[in-house]
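Keep the structure open beside you and try each task before reading its solution.

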Amino acid sequence: MHFSGILFDLDGTLVHTIPDLADATNAMRQDMGLPFLPEGLIASFVGKGIEQLVIRAISHNGPAASVEQVMRGLARFKDHYRAISGRRSTVFPGVIAGLEAFRNQGCRMAVVTNKGTEFTPPLLQQMGLTDYFDAIVCGDTCERKKPDPLPLFHACDLLGVTPSQTLFIGDSINDALAAKAAGMRALALPYGYNEGQPVQTLPVDAIVSSLIEAAQWAANPEQAASQDPQYA
């Protein structure tokens, strides 16, 4: 099997964004008279988009957030994140080498993220990743976000590939469920966020340690499955 298209999640897969997301979240909470939360806890709120991050952050250890609170919190979060996004974020080890390996295999590549368009292209540019991708699908590009498969189908259309020719690489249940619903093979990276749950529980074809290993797997997935029981 040769994959023509490779789709990547962003937060927790390509870029370690939790430091900036946590800073913006705690700045928002401070604006709303709420105490700071640990960075590790905020990491467990990440995965379903900024709206859900804000709702979870406001409601933690308290009553469910009202619509007015969510709207206010969302506005404050975006103001803070707009100012600091990329300040403390870093590209994960092995990402550049892995993207180069996929490029050398002749794959077309796209980012499919639940992060909004306002923040995604600037972050990719800051991290020096923009030129690797032929398309970018953000959380507000389509009517529905991951785990719905619609953004993955849209990315395939932009790349000119079919889902059966495509591999999705992510770090969370949202990525795994979206790939499964789209009929794609999927890999998971263990260093991401996955809403605080073990990555070993994800319904994926394999768990790989880095994008370098992901490219090696993609070059011969059947051989990888036969050699290592975790790929079965």
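**Exercise 1: the second largest cavity**

The second largest cavity is lined by F168, G170, D171, S172, D175, A176, A186, L187, A188, L202 and V204. Here a cavity is a set of points, on a 1 Å grid over the protein atoms alone, where a 1.4 Å probe fits but cannot get out, and lining residues have an atom within 4 Å of a point. This is a predicted model, in which local features need pLDDT of at least 70, side-chain atom pairs count only at pLDDT 80 or more, and totals for chains, interfaces and linings use all residues. Residues are numbered from 1 along each chain as its sequence is written, and side-chain values use heavy atoms, with hydrogens and water left out.

Task: find which element gives the largest share of the lining of the second largest cavity.

Solution: 
- Step 1. β6 (166–170), α8 and β7 (185–188) each supply at least two lining residues. Helices (H or I, at least four residues) and strands (E, at least two) are DSSP runs, numbered from the N terminus.
- Step 2. β7 gives the largest share, 3 residues.
- Step 3. By class, this lining has 7 nonpolar, 2 polar and 2 charged residues.

**Exercise 2: the largest cavity**

Task: state which residues lie closest to the centre of the largest cavity.

Solution: 
- Step 1. The largest cavity has a volume of about 220 Å³, a volume being the space filled by probe spheres set on the points, which are joined across faces, edges and corners.
- Step 2. Of its 19 lining residues, D11, V46, G47, K48 and G49 are the closest to the centre.
- Step 3. α3 (50–59) and α8 (173–182) each supply at least two lining residues of the largest cavity.

Terms used
1 Å grid on protein atoms, 1.4 Å probe; cavity = no way out; pocket = protein on both sides within 12 Å on 5 of 7 lines; lining within 4 Å. Nonpolar A, V, L, I, M, F, W, Y, C, P; charged D, E, K, R; others polar.
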